[in-house]
Structures are given as structure tokens and as C-alpha cells.
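This briefing covers selected features of a predicted model.

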Amino acid sequence: MTFIPKPKISHPSLPRNELGLTRRDYEGALSTLCAGCGHDSITAGIIEACWGISVRPENLVKLSGIGCSSKTTAYFVSGGHGFNSVHGRMPSIAMGANAANRDLYYIGISGDGDSLSIGLGQFCHAIRRNVNMLYIIENNGVYGLTKGQFSASADIGTKAKKGEVNQQPPIDPVLLAMNLGAGFVARSFSGDKAQLVPLIQAGLKYPGFALIDVLSPCVTFNDHEGSTKSYAFTRENYEPVVEADFVPKQREITADYAAGEAMSVMLHDGSRVVLRKLAADYDPTDAHASYDYVQQHIAQGEYLTGLLHCRPTVATEFHALNRTPDAPLNQLPFSALNPGSRQLEKLMARYR
Amino acid sequence: MTSTDTSHPDYFHKVVDCQWACPAHTDVPEYIRLIAQGRFTDAYLVNRHSNVFPGILGRVCDRPCEPACRRGRVEEKPVAICRLKRVAADHKDDYRDRLPAIPTQKNGKKIACIGAGCASLTVANDLMPLGYEVTIFEQFATAGGLMRTNIPSFRLPAAVLDEEIGTIVDMGVDLRLGHRVESLRALLEEGGFDAVFVGSGAPKGKELNIPGRHEAAANVHIGIAWLESIAFEHVQNVGKNVLIIGVGNTAMDCCRSALRLGAQSVKVMARKPRQFFKASEWELEDAEAESVEIVINRSPKSFVLEGGRLKGMMFEVMEYEFDARGRIVAERVAGEEFYPADDVILAIGQENAFPWIERDLGIEFDKWDVPKVDPVTFESTRPGVFFGGDAAFGPKNIIWSVEHGHQAAISIHQRCLGKPVSERPPRGMNLQSRKMGMHEWSYANDYSMTERRLVPHVSLKERFKKLNIEVELGFTAEQAAAEVQRCLNCDVQTVFDAKLCIECDACIDICPVDCLTMTAAGPEEQLRTRLKAPATNVTQALYVSDPLKFTQRVMVKDEDVCVHCGLCAERCPTAAWDMQKSWVKWPHAADQAV
């Protein structure tokens, strides 16, 4: 928590994006989280990502539930639309909003408590329905707001601040999402923006449900020795296996990838996600193979990071499945939205 | 690029741009904070410690600090450092009991200073508390040198001079007014002095030898001599049309003095365009505000007389060609133009003159007839004879003279202690945390968006009524209170301890001016290209930490536009960043080990 607001002054030669905006224009209110919280780094990553792909602030919808993580939607893009839902119910709100207006970017911020305990059902069904949104889990393994009890993502054997050892198996959101058929599944670390920012950009552009599970150390309750989600432990055990680059439509792929190691996934607007494998025996486009690979490495105590699974899913995206109109509801004429009382009578008659 | 050695006294000193730019190294942010607290006497004494004449300099300093001020790099205008100095001087209480005591038991060493200007007075100020007996010889009946004779009283009132000079003279200086030194040999041989300091200034105005100069002598005046005559009330009026030749600060004083003596039309004639003017921007502004016309591209050709009396001057109209960097590459005369004048003032520079120094005393002079002076010790080629102020390296300004005086005093003290003058007392640096609590710092760390305040002036109607009406009124209490908050407290340094860093990015994310980056180590030119915001100002240092423990990356800070808000330290969970006040120890004679 900080007592002076961040000064409005900025670096005189801060770069501007296509909209003429600087990074500072994508900031929100000042964070009231603990100093050093991983969530604040993720917030900074989101700011950088939105600025980088020139998201219009008014085209961004920020949704969250309850928890430390869910506070963070207030800390970026203050010009966007925000909604804080009931604990664990953010996916329903995102679903409804997305159904009404498909033209906006949806970014849901949740935590391991909000998504893997109270909101686990909501989380699973948002994946099943393939809602076009970026779903970020700020995963720190503890309930920070209630002073550090183990959450559902705490690993077996990890130690709480006061010394007790967790014995319940964790729910891994990456494996769960792959299992449920998500088309874009990534894991990253709050302390690695070089990896995180392109993932957020790709996830925002991906036409379907995109999950990024971000390891985000709780500096107050879970950053001690014996914790498997501390800064030190994460730094030692995280293993980038697939690098992702987001390449906008207008730009050529210029990065010098060695032959065979790069593959690109085309998105509906002509932009691409370029995947670069760091592990030779890994195929991130194959759902089964990637599931097995990730699971094996978890068993070995390694956090694989990067875009672990990515495939085109346009056909199964929510609006495609439900054959909804191409335009958002607020652009449809009243007559199309409201067929009138005669049509209602007809409909009602069928049930009489 | 290896990790930065912040233990070197210069590293953090450079971050305090104003203090680094000041020849006397005044602790500017410190005194501005003291003003903010209403501690005017304390603020005055912080000033006096380094620059000796805060009241004088608060009005007429050349302000090298202000162009250097970091505030000028994050917004349009620097902090009004100079005018805040005047606030401290105007509102101080009696401070004399807080000056060092003057020993009644003298050390037996006698020092002669020639010329009672700022350099000699500084020497006396530094040596009197050490037990020296200092004698100052002054040709005029008043002390102050060019500060009194060349700076008009509407910019620098006599009362301010009297007070600050009096403080030094009252230390027991033997001030011999009206005593012109005619022979250095006599002084050296018969004076019985252990060291002699020459602070006689650059008292000779440059001549303009063009046709008609000799015939028009009655109405053609050398600028600095003319200002001197005004100061001593020997000149009390001037003709209707006045031309000033030259466009330095002396020219500005001349044109504004002419207006006060009754001139109706005053034109400053400049040979080159405005970007080549030597006068400070604010002095030009003040002159133009008083309806002085500055005419550019006019090169003096001849004085025109009629019936043996000056009628005006003929000028060549100049045209220039510039290269891409704005330098003149070619010039040509496009025509001639006549300007009527009843009086002409020549303000085209001044030089030192030493007709009273015999050339066989062992004091070597160079080909421009200027004595050879060591730039560190200020000693001439004759041991025991020192030069300082304009007498040493030609015309500079008051604040440089003061620093010359400090350095010469160190040399004189060394010499009298029997130590080599080249052995200088060491510089130093102290750091002290400003942390008071979780989110509390013992300085105002919030950034104030306030714009630079403008000093109120006496109305154009009032100011010409008398020659000595001070034009600038000084900041009002409200203005001063606002202006002090514009200071960025650059002396409260961001101090980093790499061992404590857990690489959480919190400092990088919060920094309002994007001056922090964690990146792989590399050479400086390369590092500058991969920072979070471009670091193109190579005059400003990059701080590079030791390798960080998890990733071996380094923390890099571009010092260029840091606003010292302390948010990096406030967001740091491990206190790897701390805000620490730097105390630059710039030694004076009193700091020497005996």
C-alpha cells in the first residue's frame, strides 16, 4: 500500500502506440496490495500488453470475483468497463456480457481461491462453452486476504508461513483446462514479463477461451523457505518450454527461428501466434501429447511455462456454436431484438 | 559495464544536478527544504557555508544551477533556485552568533588580499576563523569590487552588499579602503605578509577602435567605467538617444541604467543574431520589458560627428549563413545604416590588467599578458602569490570567484602549515536514510505539478523614479511556499542493495518515469538501448547494480529523469531500495587536518 499517488509526470520520450497513447494511459488506480505482490507485476504486464496491441480502453471489459487477485481489475485500464462479481461467479458475468456484445475484449482476473475452490464449477463451464475471453488466474497457493491458509492449488508438502505442511493434492488449472478442451492454455510467472506480455496479447486475440495460469508469489504469506510458490522456488523450478510471440496482421514474421522449431497458429483476424519450442520433444498443438508432457513434468516437480497448448478453435467458439448474429446486441435494430407481442402470443400458444 | 561504485563521492553528487553545476557546490535541495519548513536562517547558513553571499547571489547570480535542474528535463522550467536563495536571505534572523568564532589568539600568519571583491572577501571569510590576520587593500572608498561598481543598485541594493560584506569585515579583517596597491614588489618586500592573494578583478573595459572614436570621446563611454561612475554618482545624466554596443550582461546593465538617467531611446546593437547573445536570457527579458530595443546584425563601422559633436553611428548590416548545427559559416555586408546617438556605451567585454605587477618578480605572464595560474591551487609561478576571481582566468561571475576564494584559502592554509599546496583535503560523501515508517519519509516526496512562479516586479511607472529602486520584489510567502515544492529533492538518493532484491518487479512497475530496468549485464552503450524507456541523455549516469541473486541480471537505473518520489523504495518488500540523503563534503580551509 502506498500513500502518495503515482505522480502524473512521465518519461518525456515514452513511446506511443497506434492510438497515440503511452503505457501510462493504460494505468488504473494505485494498487493497495502488499508491496512486492506478484499480482502487481501481472497488472503491469496487462498494461504493457494492452498498450502494445493498441487496445482501445473503451473496448476492454475487466471482470473479477473476490480476493486479492480480483482487486486488481481496478489497477489497470481505468478507461475500460469493470465488473466485480460475487465470489467465484465471474465466468457467468463474462459469459453474459460476451453474449450481449461480442465485439469487446474480455479479460477475467481470478485467483486460485476464486477459480479453484468456490468458483471451480463456473470456471469449468466457461471452458466448456468456450467463451471468447482471456482468463487469468493469479495463482499464489494461499488465501492471502484471510491471512495465508492453503488454497486448492497448494502443492503437497509445501509449508505454510507458520510451519504446517499441506497434505491435500492440488488442483492444477492447466491440466484441468486441457482436460476440458480449452484451446489456449498457458502458464507463466509474474516475474517474467518477457514471457507474460506476449502471452496476454495472444490470449486477448485468441478467438475462444484462453487461460493463463500465472504463478504469482504472495510476498506476505507465501514467500518463505519451504513454500513451493515463493519467488525463490519459482525462479529455481520454472522451465519455459514454449515461447509465444504475438504477431499482428500487418507485420511480417521477422524473428529468426531455427528451422522446424517454430510453428504459427493463425487467428481469425489474420494475426498469428508464433510458438517456439524450447524442448524438442514437445508438440504444443497436440492436446493429448501436451497433457501427458505437462503432467509428467509436474510429477518431477517442474513448472513448465509458456503457451503449453494452442490450437485453432473458431468452430467451437460460443457464438459459432449458438449461431448468434454477427453484430453485438446493441447494434441490432429494436425490431430484431424484440419480435413484438404477436410473436410472443404465438410462442406462448405452443406451451398452452 | 561493471557495477557502479556509488562510494565514489562524485556519483551521487552528480545526481544532484544543481549542486554539481554550482561552482561552489551549494546544497540546493537542502536549503530549499529548510525554506519549506520556514527555517530561513538555517537555509541562509547552508547557503553561506558554500557561497558566502546568499543575499547578493540570490539577486544577481548567473545561476548555472538552473539550466542543470532536473525539473527542466521533466517539464518546461527549472526550479527558481536563485530566487529562493533570496527568500532565505530576505527572511533570515540574526545569524552572527552561529558563525565560527574568531580566535583572539592569532596564529601569527599575515595574509594580504588585493581588491575587496568577492574573491578576496571569501579568502578572508575562510581564513579569519583559523586565526589568520587578513589585510584587504581596496582602491575605492567602499568594499565590494565589481559587485558594487558594475551591478546597478536597481538590481543589487547597497544595503544587501553592506550587510554581507560587513559580516566578513567584522570578523576583524584589516580593510584598507582608498588604498591602491601601486607595486606588488613593495608589498612583497615591505609588507611582511606570509601570502598574497590577488583578487583585483578584470577592471579594464575593451576599446572599439573605429573611425571617429577619438574625436567623439566626450560622448563615448566604456561600459564598466561608466557603470562605476554612476555607482559613485559622478555621472547623473545621459543624452536622449543612447546606443549600447555589445549584448552581454554588462550591456544589459548599461541600457537599463541609461533609461534611469533620462535617456528616451535606448538601443542595444548586436553584431550577431539572438542565439549568439552572451547575456543571460532573464537579463534580456528584463531589459526588453523596459522597452529597450535590441537590434541584431549591426556591426559598428564609424562614429559620425557634426560640428565636432557626436551625432550618431554608422553600422554595417550583416548577413550570415549557418550550417546544420547553427554555426556561422559565412558572413557578408549587405549595406550600411545610420543610427542617431547622443551617447554611446561600449560594452564589448573586459579584461584583466596588471600594470602594478612588476614583471621580474617570478610571476610568469602568458602571451595575452595574463598571469599563469594553477587551476587547482590558484598559485602563480611565484610561491606564496595566489590569484582568484576575474584576476585569475578572466571575467566569469561571482559564484566562480567565491569558489576560487575557497580554493585559494585552502592553498594559503596548506602553505602556512608548511605542506605542499597541491595536497588537497579529501572530498567525501555521507548517506543517511530518510525512512520514517512504512510509508513515511522525512522529505516531501510527492510530485507537485505546480508551474514555476514568476517574481513580481515594481511597476514600469514606479521603477524609473529613482536610480536605486530595486526592480525585483522577491517571492511572496505564497509563491515561495509553492515554488519550494517544485524541487525534486534530487539529494535524497535511491540507494540499492542487490543482495536484498527478490526480483519481484514492484519498483519497475511503480516508477512513474520508467527509469528502472532489470536486464542482462552488458556494455553501457548497449544497456542504454534496452531499457524500459530510452536513455538518450548520455550526460546522465546509468546506475548498474551487482548481479541479482536469482537470475544474475542487473538492476539498471537511468538517473536522467528520476523524480525522487521514493515509490520504488515504498513498493520494495525487502527494502532493497532506500531513500538516503546525500551530504556532499566539499572541503574548505577549515576542514583541513592541522
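Two strands are taken to pair if DSSP finds at least two bridges between them. On that basis, chain B has an open sheet of three strands in the order β10-β11-β12, with antiparallel pairing. A second open sheet of three strands in chain B has the order β20-β22-β21, and its pairing is antiparallel. The model is predicted, and the points below are grouped by topic.

- Strand β10 (residues 298-306) of chain B runs antiparallel to strand β11 (residues 309-322) of chain B, and eight bridges join the two.
- Within this pair, S302(B) is opposite M314(B) in β11(B), while V304(B) is opposite G312(B) in β11(B).
- β10(B) and β11(B) form a hairpin with two residues between the strands.
- In that hairpin, G307(B) adopts a positive phi near 60 degrees.

- β20(B) is joined by four bridges to strand β22 (residues 554-558) of chain B, and the two run antiparallel.
- One residue of this pairing is T519(B), which stands opposite V554(B) in β22(B).

**Helix pair α14 and α15 of chain B**

- Helix α14 (residues 249-260) of chain B packs against helix α15 (residues 281-289) of chain B at an angle of about 20 degrees, and their axes are 10 Å apart.
- Angles under 35 degrees count as roughly parallel, so α14(B) is roughly parallel to α15(B).
- The crossing in which α14(B) passes α15(B) is left-handed.
- On the α14(B) side the contact is made by N249(B), M252(B), C255(B) and R256(B), and on the α15(B) side by E283(B), L284(B) and A287(B).
- The contact of α14(B) with α15(B) comprises four nonpolar, one polar and two charged residues.

**Helix pair α3 and α5 of chain A**

- Helix α3 (residues 90-100) of chain A and helix α5 (residues 120-129) of chain A have axes 8 Å apart and pack at an angle of about 30 degrees.
- α3(A) and α5(A) are therefore roughly parallel to each other.
- P91(A), S92(A), A94(A) and M95(A) of α3(A) meet Q122(A), F123(A), H125(A), A126(A) and R129(A) of α5(A).
- Sorted by class, the contact of α3(A) with α5(A) has five nonpolar, three polar and one charged residues.

**Positive phi in residues other than glycine**

- N130(A), a residue other than glycine, has a positive phi near 55 degrees.
- N130(A) is located in the loop between α5 and β4 (133-139) of chain A.
- N130(A) counts as buried because it has 23 C-beta neighbours inside 10 Å.
- H25(B) is not a glycine either, yet its phi is positive, at about 60 degrees.
- H25(B) sits in the loop between α2 (17-21) and α3 (28-36) of chain B.
- With 21 other C-beta atoms within 10 Å, H25(B) is buried.

- I200(A) belongs to helix α7 (residues 193-205) of chain A.
- I200(A) is buried, since 29 other C-beta atoms lie within 10 Å.
- Not counting residues up to four places away in sequence, I200(A) touches G45(A), I46(A), A49(A), L134(A) and I212(A).
- From C-alpha to C-alpha, I200(A) and F76(A) are 14 Å apart in space, and they are 124 residues apart in sequence.

**Contact between chains**

- Chain B has 29 residues in contact with 25 residues of chain A.
- On the side of chain B that touches chain A, the elements giving two or more residues are α20 (506-510) and α22 (567-571) of chain B.
- By class, this side of chain B has 18 nonpolar, four polar and seven charged residues.

Terms used:
Residues numbered from 1 in each chain as written. Chains lettered and ligands numbered in written order. Predicted model: local features only at pLDDT ≥ 70, side-chain atom pairs only at ≥ 80, totals over all residues. Axes fitted to C-alpha atoms, helices over the stretch in contact; angles between N-to-C directions. Parallel < 35°, antiparallel > 145°, perpendicular 65-115°, else oblique. Left-handed = near helix turned anticlockwise from the far one by under 90°. Contact = placed C-beta atoms within 7 Å. Nonpolar A, V, L, I, M, F, W, Y, C, P; charged D, E, K, R; others polar. Buried ≥ 20, exposed ≤ 12 C-beta atoms within 10 Å, placed from the backbone.
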